[in-house]
Amino acid sequence: MARKATTVQVDSPPDAKPGASEASEASEASGIAGQVVLVLQGGGALGAYQAGVYQALHDANVEPDWVIGTSIGAINGAIIAGNPPQDRLARLKSFWDGVAHHGSATAGWLPALDQWSRDLATVTQGIASFFTPRPDAWMGVHAPVGLDQAAFYSTEPLRETLSALVNFEHLNSKQTRLTVGTVNVRTGRMRYFTNRDAPMDVNHVMASAAFPPGFPSVRIDGETYWDGGIYSNTPLEAVLDDRPRRSSVIFAVQLWPGSGPEPQSIWQVMSRQRDIQYSSRAESHLERQKQIHRLRHVIRELGEHLPEAARDKPEVKELLNWGCGTTMQVLELDAPRFDGDDLNKDIDFSSDGIARRWAAGHEDTARALQCAPWREAPDPMEGISVYRMGACDNGG
């Protein structure tokens with residue numbers, strides 16, 4: 001039996017008026033207690049898997065309270081959070097249809113040649129609704145053109161696409177929280193922008209997708225930012241570190257496999273290196289957060305054993321504020337490997353590749369929703385439970 005959901009509005013700053021989000025009502029009806037969080041990695045064309053994940057959630061009437069993403073995850077996240085639920089799926093489909101490469105150079109007779117020609121077209125011609133090449137950039141990489149121009153491609157087409165597909169007025173109404181990950185070019189520090197704290201516009205999403213040296217940096221309030229994926233491609237730690245904390249069911253959508261077979265060629269070595277780099281140590285982040293969260297629960301339990309007079313002392317109250325009783329239930333959804341995946345899989349914008357990844361995301365998430373492992377109460381002293389798709393596949 002599902003636990004009764006409790007809706008506590010603590011996601012807004014103290015001076016904001018509490019109010020139920022669009023997602024809270026849907027998640028309560030689904031039997032998910034606490035907020036629903038969707039965590040989206042960066043990964044270019046692999047992000048079609050994320051769109052399939054969202055479609056399955058949408059089909060089950062589970063709308064996220066908070067979407068946090070980096071790079072393509074920020075783009076998908078902005079389209080989701082920046083539209084009312086009834087428009088989100090159509091806008092996602094519009095984006096992915098717009099970036100899809102249709103047609104085949106060999107009518108499907110030589111798949112390897114088709115893939116090579118598509119990759120070559122993406123590199124040399126760009127994608128009309130996403131990015132276009134800057135011919136002058138290829139002529140001299142040492143030319144001092146300035147940071148705003150120091151990139152091989154222009155992303156002005158993406159600016160136009162996002163402006164058409166994301167309703168920033170709706171986004172800034174805070175019905176759904178959006179957070180995007182960036183890295184400050186000057187300081188090298190990660191920075192997360194969120195509509196909970198300040199209004200967001202297209203520049204914040206563009207900054208999170210500004211992967212160098214392909215895409216140019218984006219300037220916000222005088223500072224320049226790049227894609228947060230070059231620092232941390234999995235923004236899960238930002239959810240677990242968030243304050244004030246709130247019990248959550250977190251769908252962590254991972255596009256790059258952390259583990260894999262031993263590579264047998266230099267090409268495979270290069271591909272495996274990218275997998276490891278962009279999986280961004282998600283497992284080690286979770287282990288560290290489990291330790292921290294357990295300490296928070298220990299502090300809370302210790303506070304229960306103190307006399308009331310001691311708990312009321314200001315210095316003790318300050319210490320006890322480090323404790324909490326929230327639970328974080330993390331469901332890891334790992335994008336599958338497909339035959340033919342290689343070093344360039346993240347630029348496989350073929351219509352077939354996008355459809356295949358979208359369908360996989362939908363199928364995996366529908367199965368996870370049916371399994372619903374979060375219905376089991378987590379260990380009150382642990383605070384964080386992690387579920388992997390394999391458990392559902394095995395009937396657990």
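Some ground rules. This is a predicted model, so local features need pLDDT of at least 70, side-chain atom pairs count only at pLDDT 80 or more, and totals for chains, interfaces and linings use all residues. Residues are numbered from 1 along each chain as its sequence is written, and side-chain values use heavy atoms, with hydrogens and water left out.

Let's start with the whole protein. It has 15 helices and 11 strands. Those are DSSP runs, numbered from the N terminus: helices are H or I with at least four residues, strands are E with at least two. There are 396 residues, and 51% of them count as buried. Buried means under 20% relative accessible area, exposed means over 50%, and partly exposed is in between, with a 1.4 Å probe and protein chains only. The protein exposes about 18800 Å². Carbon and sulfur atoms supply 55% of that area. Accessible areas come from the Shrake-Rupley method with a 1.4 Å probe; for residues, only the protein chains shown count as cover.

Now contacts, meaning heavy atoms within 4.5 Å. Take those between residues at least 6 apart in sequence: 75% of them join residues at least 24 apart.

Next, the inside. In soluble globular proteins, nonpolar side chains tend to be buried together. We call such a set a nonpolar core: buried Ala, Val, Leu, Ile, Met, Phe, Trp, Tyr and Cys residues joined through side-chain atoms within 4.5 Å. The largest one here has 71 residues. Which members touch the most others? They are L38, I75, F95, W96, F130, F251 and L333. Helix α3, residues 72-81, gives the most to this core, with seven residues. There is also a second, separate core of 15 residues, which includes V39, V239, I384 and V386.

Look at L333 for a moment. Leave aside its neighbours within four places in sequence. L333 is then in contact with residues including Y49, V53, F251, D364 and M389.

On to a hairpin. Strand β5 covers residues 177-184, and strand β6 covers residues 190-194. They run antiparallel, joined by five bridges. Two strands pair if DSSP finds at least two bridges between them. V180 stands opposite F193 in β6. Five residues lie between the strands, and G188 in the turn has a positive phi of about 75 degrees.

Salt bridges now. One is a side-chain nitrogen of Lys or Arg within 4 Å of a carboxyl oxygen of Asp or Glu. The count comes to 16.

One of them joins D242 to R177, with the closest N and O atoms 3.0 Å apart. D242 sits in the loop between α9 (236-240) and β9 (248-254), and R177 is in strand β5, so the pair ties together parts 65 residues apart in sequence. Are the two residues buried or exposed? Both D242 and R177 are buried. They also belong to a network of salt bridges linking R177, R196, D197 and D242.

Another pair is D346 and R274, at 2.9 Å from N to O. D346 is in the loop between β10 (328-334) and α14 (351-371), while R274 is in helix α10, residues 266-279. They are 72 residues apart. Both are buried.

Then D341 and R357, at 2.8 Å from N to O. D341 is in the loop between β10 and α14, and R357 is in helix α14, so this pair ties together parts 16 residues apart in sequence. D341 counts as partly exposed because its relative accessibility is 24%. R357 counts as buried, at 4%.

Stay in that loop, because L343 is found between β10 and α14 too, and at 11% relative accessibility L343 counts as buried. What does L343 touch, not counting residues up to four places away in sequence? The answer is W267, M270, S271 and R274. L343 and S271 are 72 residues apart in sequence, and 4.3 Å apart in space, C-alpha to C-alpha.

A quick stop at N203, in helix α8, residues 202-208. Not counting residues up to four places away in sequence, N203 touches R159, V218 and I220.

Last, the surface. L110, L113, W116 and L120 form a nonpolar patch there, with about 410 Å² of accessible area together. Patches are made of residues with over 30% relative accessible area and no salt bridge; like charges are joined within 9 Å, and nonpolar side chains (Val, Leu, Ile, Met, Phe, Trp, Tyr) within 5 Å. L110 is in the loop between α4 (85-99) and α5 (111-125). With a relative accessible area of 47%, L110 is partly exposed.
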